[in-house]
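Subject: Structure for your files

Hello,

Here is the structure you asked to have handed over. My notes come below it.

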Amino acid sequence: MIKIKSGAMCYQGGAFIPAGTTGLPEEEGRKRTMAHAILAAHNTCNDEKALKLRFDAMASHDITYVGIIQTARASGMTEFPLPYVLTNCHNSLCAVGGTINEDDHVFGLSAAKKYGGEFVPAHQAVIHSYMRERYAAPGKMILGSDSHTRYGAYGTMAIGEGGPELARQLLRKTYDIAYPKVIAIYLTGAPRPGVGPQDVALALIGKTFKEGVVKNAVMEFFGPGVGNLSMDYRSGIDVMTTETACLSSVWCTDERTRAHLELLGRGGEYKEMAPQDGAVYDGLIEVDLSAVEPMIALPFHPSNAYTIKEFKANMADLLHQVDVDAEEQLGVKNAPALANKIVNGQFHVDQGVIAGCSGGIYQNLVRAAQILAGHSVGSDAFWLSCYPGSMPINLELTRKGYISSLMAAGASVRSCFCGPCFGAGDTPANGAFSIRHSTRNFPNREGSKPGDGQISYVALMDARSIAATARMGGVLTAADELPDCPADAPEETWAYDDSAYKSRVYYGVGKPRKDEELVFGPNIADWPEQVPLPENLLLTVCSAIYDSVTTTDELIPSGETSSYRSNPLKLSEFALSRKDPQYVPRAKAVLSLEKLRRTQPDAPEVKEALMGRDGRTTGLGSLVMALKPGDGSAREQAASCQRVLGGCANLAEEYATKRYRSNVVNWGMLPFVAQGVKEWNIRPGDKLCLTGIRKLLEGDGETIQATLIQPIGERTVELRLPGLTREERDIILAGCLINYYAK
């Protein structure tokens with residue numbers, strides 16, 4: 001089904017051979033990839049190893065755009081210098097009551113008017129559906145403040161990053177990155193009936209994530225199998241590449257791409273894209289689409305993937321492991337065993353959801369409607385909800401009768417909303433098991449609160465198998481088990497009607513109205529002041545996490561907390577709240593002493609905290625230790641909340657993603673790594689003394705000998721800051737990105 005080959009490979013004459021055996025220099029071959037053509041066209045400097053990129057367009061949703069605009073405004077922005085789309089698909093509901101979500105939307109519209117942006121009102125479109133329909137095109141680069149910013153199926157290289165990187169583009173700065181690895185994803189064959197894009201994606205994620213096969217690389221899709229996939233199918237695979245931990249993705253284009261762009265009214269933007277003969281890749285992944293089977297990714301990660309057939313054959317053992325993971329990762333003890341959901345050899349689920357940028361695609365919902373036509377989801381515990389990704393998709397599904405088929409079967413059809421993907425909609429009952437065609441199944445992602453005695457479970461599946469399960473009243477069923485499962489035609493198209501957009505979207509790109517006033521709701525607050533890096537630091541460990549991977553959802557929970565993301569101080573109260581509830585009070589205690597130190601360095605409590613060090617040159621700060629932090633969302637708040645609470649550093653064995661490390665740096669924190677940190681037995685309350693840290697950053701040093709102070713004694717440990725650029729050093733020295741630009 002999937003074969004992985006490491007090492008440099010050359011694509012020549014329609015076949016792959018080891019690089020270096022063709023007579024063509026490897027460096028020349030690397031310039032023949034699609035990725036290189038796009039990166040070179042957007043690079044603003046002559047150095048191809050250290051890229052400085054400018055993007056064609058950007059997009060943010062209502063969890064992130066307020067903070068980005070506030071950051072850029074504080075740094076001197078007067079107008080949006082490139083098309084910037086503000087969508088409202090995350091905080092579309094009043095999850096916490098009050099006016100704060102709609103206040104953000106009013107702010108967003110006022111900002112689009114003042115600075116010249118595009119504003120998509122709530123319930124009109126999911127961010128990525130909108131960008132596919134209106135902006136993605138071959139050869140373009142798009143930056144988004146959402147980790148699933150992926151439009152590779154259109155030949156677009158799109159990247160999801162934290163808010164500060166978007167602020168940089170608004171300030172006419174560049175996105176700086178070392179030239180990434182490029183991995184060939186070679187597709188052959190055609191999917192069988194009942195196998196959807198989520199099945200292909202989960203199979204890929206399961207094979208690549210844990211070993212870091214494509215981490216921070218560009219996945220380049222091509223091969224004869226691409227022609228057997230519709231544009232919807234390609235997008236359904238592509239959007240999930242985020243869960244492999246890759247940097248971005250890009251696909252070859254063909255006549256189907258041209259036809260789809262013509263359908264969208266943008267046929268003139270088409271151009272052919274394919275690797276040139278002799279293209280050299282840093283690795284190869286071969287995918288036989290005809291061998292992919294319906295998949296399920298069990299809690300609590302998309303990489304926890306099995307074929308449904310394999311899951312059914314080993315249900316008791318696999319579900320027991322989920323129970324163990326729930327206890328170890330979430331601290332949930334004595335929860336009812338999931339094996340209780342096995343009745344007469346069949347696994348019964350409680351909920352199905354088809355939603356968002358991965359599930360709410362037209363072709364997915366058509367297949368679900370066809371599978372359910374003439375059937376019922378039943379009147380027992382199981383329920384199904386479906387969220388079309390955009391109003392044009394919704395219009396076409398309605399005109400062709402698919403919405404009525406879903407409704408008649410008992411499915412609840414909702415608006416264009418991302419909520420179920422991050423815990424702000426359709427939260428299952430305590431102990432319930434949900435199957436979802438959405439992007440993630442991280443802990444708490446569905447909205448439950450284990451710390452409050454609540455836990456529910458999410459498994460990822462394709463819309464086709466979710467519909468098959470719904471047809472069987474909640475008995476887990478793979479779509480290919482149905483005798484009448486419809487196939488996915490590669491030429492399947494739909495009539496595109498964007499009249500809903502023309503009726504509601506504010507189109508202000510390139511037309512700033514500088515006299516327009518920004519409209520601030522009472523929850524919208526400026527970023528609190530941050531101070532430059534002192535000469536020395538004494539850091540207190542305020543949380544120590546020993547999980548193999550720590551997600552951004554654990555660093556700052558999603559769900560109802562999203563409503564507070566326009567208020568940095570209020571949001572920071574939720575930092576690590578479900579993973580380590582004592583983190584916030586610990587960090588606040590350190591921050592209180594640090595604030596006193598700045599005005600009274602000789603105060604007795606300051607002297608005691610500094611353990612004999614000079615309060616005029618040594619600052620106090622907090623530190624989070626996690627073995628591999630930052631998997632998942634691009635949202636900057638996973639780092640900024642730590643900074644708002646006085647955080648000065650993260651310590652890790654490695655960072656799960658480039659984007660999280662960038663967020664740490666942009667918020668003025670030190671991204672330390674150290675070998676063997678797991679064996680240091682670090683606990684909250686331990687301290688790290690960094691003498692000469694400012695001098696190290698002013699120079700080009702990458703290692704510092706720190707003193708680790710623990711109850712058992714003191715010892716010297718080596719901390720590393722590998723790969724810090726000069727600008728990254730200056731941002732940390734300044735205290736954060738805002739301070740850096742203010743200088």
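What follows covers the overall build and then the aromatic rings.

This is a predicted model, in which local features need pLDDT of at least 70, side-chain atom pairs count only at pLDDT 80 or more, and totals for chains, interfaces and linings use all residues. Residues are numbered from 1 along each chain as its sequence is written, and side-chain values use heavy atoms, with hydrogens and water left out.

The protein contains 26 helices and 32 strands (DSSP runs, H or I of at least four residues and E of at least two, numbered from the N terminus). Its radius of gyration is 25 Å, close to the 27 Å from the globule rule for 743 residues, so the protein is as compact as a globular protein of that length (taken over C-alpha atoms; the rule is 2.2 Å times the number of residues to the power 0.38). Of the 743 residues, 63% count as buried, meaning under 20% relative accessible area with a 1.4 Å probe, protein chains only.

There are 24 aromatic pairs (rings of Phe, Tyr and Trp, the last by its six-membered ring, with centres within 6.5 Å; stacked means planes under 30 degrees apart). F221 and W251 are stacked, at 4.3 Å centre to centre and 5 degrees between the planes. F221 lies in strand β11 (residues 218–222) and W251 in strand β12 (residues 248–251), 30 residues apart. Both are buried: F221 has a relative accessible area of 1%, and W251 has 0%.

Y362 and W494 are also stacked, at 5.1 Å and 25 degrees.

Regards

Definitions and conventions: Buried < 20%, exposed > 50% of the residue type's maximum accessible area, 1.4 Å probe, protein only. Phe/Tyr/Trp six-rings, centres within 6.5 Å; stacked < 30°, edge-to-face > 60°.
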